[in-house]
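Please read the following note alongside the model.

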Amino acid sequence: MSQEKKITMAHGSGGRATNDLIREIFAQAFTNPVLDAMEDAAVVPGNEKIAFTTDSFVVEPLEFPGGDIGRLSVCGTVNDLLMRGAVPKYLTCGFVLQEGLDIGLLERIVKSLAATAREAGVEVVAGDTKVVEGNGGLIINTAGVGFVPENVCISASNCRVGDAILVSGNLGDHHAAILSRRMGISNTIESDCAPLGEMVGALLQAGIRLHCLRDITRGGLGTVLKELAEASQVTMALDETRLPIDVQVRDFCGLMGLDPMYMGNEGKLVAFVAPEDAVRACELISSCAYGNNATIIGAVTDEKSGEAYVNTSIGGKRVLDVLFGEGLPRIC
Ligand code: MG
């Protein structure tokens, strides 16, 4: 009898093992053209074009510097809708409460979720609660619907040769904040957990030629760029000296042996825009509430299909791959 395969922590990391699991188990069972494209949000026909997505949140601890699981549950889903150019409209929330969860803590989290929904301009229109055995934990699932305006075509497979690559701010903040909190390390690093509707709206309203957007979450910028390079069959070339990283996060990573290129955010995006629009796009993002330190970090080239790399400050070339292995579980 062949040895049975088992789920490991690596299957939840957002890296290669996750991708293999999705392709081999879920994509085969549920295959349809919309799901198979594996975008940030599904875009489906309707009276208008509708974007529809879902995500589950298992972050530990439930409250952390800069946010909590309630705020995160809105931001994660709303940002995935925004990454397809949709205007987020409605959310559903499913709560799985473990026995022993503090009611005061639950109340704070629910209020935070509601406040973040108001900030993001979405209505929570359906919900569900279950209680299970455990030790005071909480899991939240949200699903979101948004409307995609006519003529908007933002997609993982739409990065074009010549496009400028922009990030909306510093890398790795959320990941570093969660890890610091879990390890009891004292610093002032906060999660960047935020809804990105203002900046996406500003880019679309200004007529910026936006080809692709993606929020930088599990797996970090390195994983995101490698996935997009493959989806669009182009090469991403970055300039290491331009990557925006907070000095405290950089020091923390140095201390822990971590790489900010593979650390998750929860309120940052990477944008691919026509080169003529890059400076304007950067200015627009910078003018928004969560766009501090927006930077043009590189460009799309046609050197070799499906590759992403960083030109290092000492003249080397570092090829990026998707995160492999565990990374840090339960950051979102
Ligand atoms: Mg996403």
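1. Pro 61 sits in the loop that links strand E2 (49-57) to strand E3 (63-64), where helices (H or I, at least four residues) and strands (E, at least two) are DSSP runs numbered from the N terminus. The peptide bond between Glu 60 and Pro 61 is cis, with omega at about 5 degrees. Most residues other than glycine have a negative phi, and most peptide bonds are trans. This is a predicted model, in which local features need pLDDT of at least 70 and side-chain atom pairs count only at pLDDT 80 or more, while totals for chains, interfaces and linings use all residues. Residues are numbered from 1 along each chain as its sequence is written, and side-chain values use heavy atoms, with hydrogens and water left out.

2. Asn 293 belongs to the loop between H9 and E12.

3. The open sheet has 7 strands in the order E9-E11-E8-E12-E10-E13-E14, with mixed pairing; two strands pair if DSSP finds at least two bridges between them. Its edges are strand E9 (210-215) and strand E14 (317-320), each of which pairs on one side only. Neighbouring strands of the sheet are turned against each other by 25 degrees on average, direction ignored; axes here are lines fitted to C-alpha atoms, for helices over the stretch in contact, and angles run from 0 to 180 degrees between N-to-C directions.

4. Within this sheet, strand E10 (residues 235-239) runs antiparallel to strand E12 (residues 295-301), to which it is joined by 4 bridges, and Thr 235 has Thr 301 in E12 as its bridge partner. E10 is also joined by 4 bridges to strand E13 (residues 308-311), and this pair runs parallel, with Asn 311 in E13 as the bridge partner of Asp 239.

5. E13 and E14 pair in the antiparallel sense over 4 bridges, and Arg 318 in E14 is the bridge partner of Val 310. The two strands form a hairpin with 5 residues between them, and Gly 315 in the turn has a positive phi of about 90 degrees.

6. Helix H9 (residues 278-286) lies across strand E8 (164-167), strand E11 (269-273) and E12, and runs at about 10 degrees to E8. The axes of H9 and helix H6 (residues 197-205) come within 9 Å and cross at roughly 145 degrees, in a right-handed crossing; a crossing is left-handed if the near helix is turned anticlockwise from the far one by less than a right angle, and right-handed if clockwise. Met 199, Ala 202 and Leu 203 in H6 meet Ala 281, Leu 284 and Ile 285 in H9, contact meaning heavy atoms within 4.5 Å. By class, this contact has 6 nonpolar, no polar and no charged residues, where Ala, Val, Leu, Ile, Met, Phe, Trp, Tyr, Cys and Pro count as nonpolar, Asp, Glu, Lys and Arg as charged, and the others, Gly among them, as polar.

7. Helix H3 (residues 69-82) packs with helix H4 (residues 103-120) at an angle of about 30 degrees, the axes being 6 Å apart, and the crossing of H3 and H4 is right-handed. Among the residues that meet are Gly 70, Val 74 and Val 78 in H3, and Ile 109, Leu 113 and Ala 117 in H4. By class, the contact of H3 with H4 has 8 nonpolar, 4 polar and 2 charged residues.

8. Glu 123 lies in strand E6 (residues 123-132). The C-alpha atoms of Glu 123 and Tyr 90 are separated by 4.9 Å, although the two are 33 residues apart along the chain. Leaving aside neighbours within four places in sequence, Glu 123 is in contact with Lys 89, Tyr 90 and Leu 91.
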